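Here are my notes on the charge pairs and the annotated site, as promised. Have the structure open while you go through them.

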Amino acid sequence: MSEHLAPQIAAYEREIGTLREELLKEIGHLEEKKEAAVKAALSLCLCVESPALQKRLSALPPTLRTMKTDYASLRSQVRNFSDFYETAIKEIMAAINEMSEANKDLLEKYRKEVALRRKYHEQLVELKGNIRVLCRVKPVLKEDQHEEGQAVVVTTDPNNESALTVLSKGKAKNFELDKVFHPQATQEEVFQEIEPLITSCIDGYHVCIFAYGQTGSGKTYSMEGTVENPGINQRALKHLFNEIEERKDMWTYTVSVSSVEIYNEVLRDLLSKDGEKLDIKINPDGTGQLHVPGLRVMEVKSFQHIKKVIPPLKAITILE
């Protein structure tokens, strides 16, 4: 709050300084006029006495008294401005201190609320399970139907969002998963199930979301989506930066991205110009974790910034 009041205080100081300079100039002018009047009076006294000169001399005292009164008034105004300035500064500083205390209380309440929300969120994630398997059933498209009237081999139960039935070799096989999305499920519905994991990521937990399925099953659509209907990746990144913006008064976050392709057992860095080949090795720090030496990591500042990095990745094609 003090940052917002600082320009106003500076403006008051400039205005008061300007007025003070103007008053001092006016006082100087009055001093000059007074000296000129005194000199004129002395010169008249030395001149030959005449009725006209006597008349002019008799008119000087009232003029001098008026100038003296104006001079005293201006000096009083200067003192009043100084008092006003000091009072205004005290009032402004008192308001700043009061607002600072109020901000401290609000910040403390906000921190408690965030801690409580994090606690409940962790409990929710634990109840749902740390590892979850979700299935999204792709709707049957015209181009997918080789024969008219071809039977649907995958069906969902509208009364059970965890059940899935697959028809294989004339026999129905039932599967139980954490969540099944019916063919009419929207991108938004799918992301709502994933969204709590983004909060877990910001709270310091490792999170991995990946799509698995055969070619043409809809992995790219679910993860990337389209410009008009974005998928999990775009929605997750936007949600991530929105959460960071909401917490900026309490925490400072750094977001970095890397992109790796594993194809035919060859690992490539998609952030390098030519898709540089890399290797997976054991981290020498003794933790036993895997790492990729030489992998390029890029820091990003916003959702728009990361969108500038992601589009080129889609255009990369390695030909051998």
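1. Ground rules. Keep in mind that this is a predicted model, where local features need pLDDT of at least 70, side-chain atom pairs count only at pLDDT 80 or more, and totals for chains, interfaces and linings use all residues. Residues are numbered from 1 along each chain as its sequence is written, and side-chain values use heavy atoms, with hydrogens and water left out.

2. The count. I take a salt bridge to be a side-chain nitrogen of Lys or Arg within 4 Å of a carboxyl oxygen of Asp or Glu. That rule gives 7 salt bridges here. As background, side chains of opposite charge can pair when their charged atoms come close.

3. The helix-to-helix pair. Arg235 and Glu188 make a salt bridge, with 2.7 Å between the closest N and O atoms. Arg235 sits in helix α5 (residues 232-246) and Glu188 in helix α3 (residues 187-202), so this pair ties together parts that are 47 residues apart in sequence. Helices here are DSSP runs of H or I with at least four residues, numbered from the N terminus. As for accessibility, buried means under 20% relative accessible area, exposed over 50%, and partly exposed in between (1.4 Å probe, protein chains only). Arg235 is buried at 18%, while Glu188 is partly exposed at 35%.

4. A pair out at the surface, or tucked away? Lys301 bridges to Glu299, the closest N and O atoms being 2.6 Å apart. Lys301 counts as exposed, with 63% relative accessibility, and Glu299 as partly exposed, with 39%.

5. The annotated site. The UniProt record, an unreviewed entry, puts the feature "binding site" at Gly213, Gln214, Thr215, Gly216, Ser217, Gly218, Lys219 and Thr220. UniProt positions are given in the numbering used here, feature names are shortened, and annotations may be inferred rather than shown by experiment.

6. Two residues of that site. Gly213 falls in the loop between α3 and α4 (219-223), and is partly exposed, with a relative accessible area of 30%. Thr220 belongs to helix α4 and counts as exposed at 58% relative accessibility.

Definitions and conventions
Helix = DSSP H or I, 4+ residues; strand = E, 2+ residues; numbered from the N terminus.
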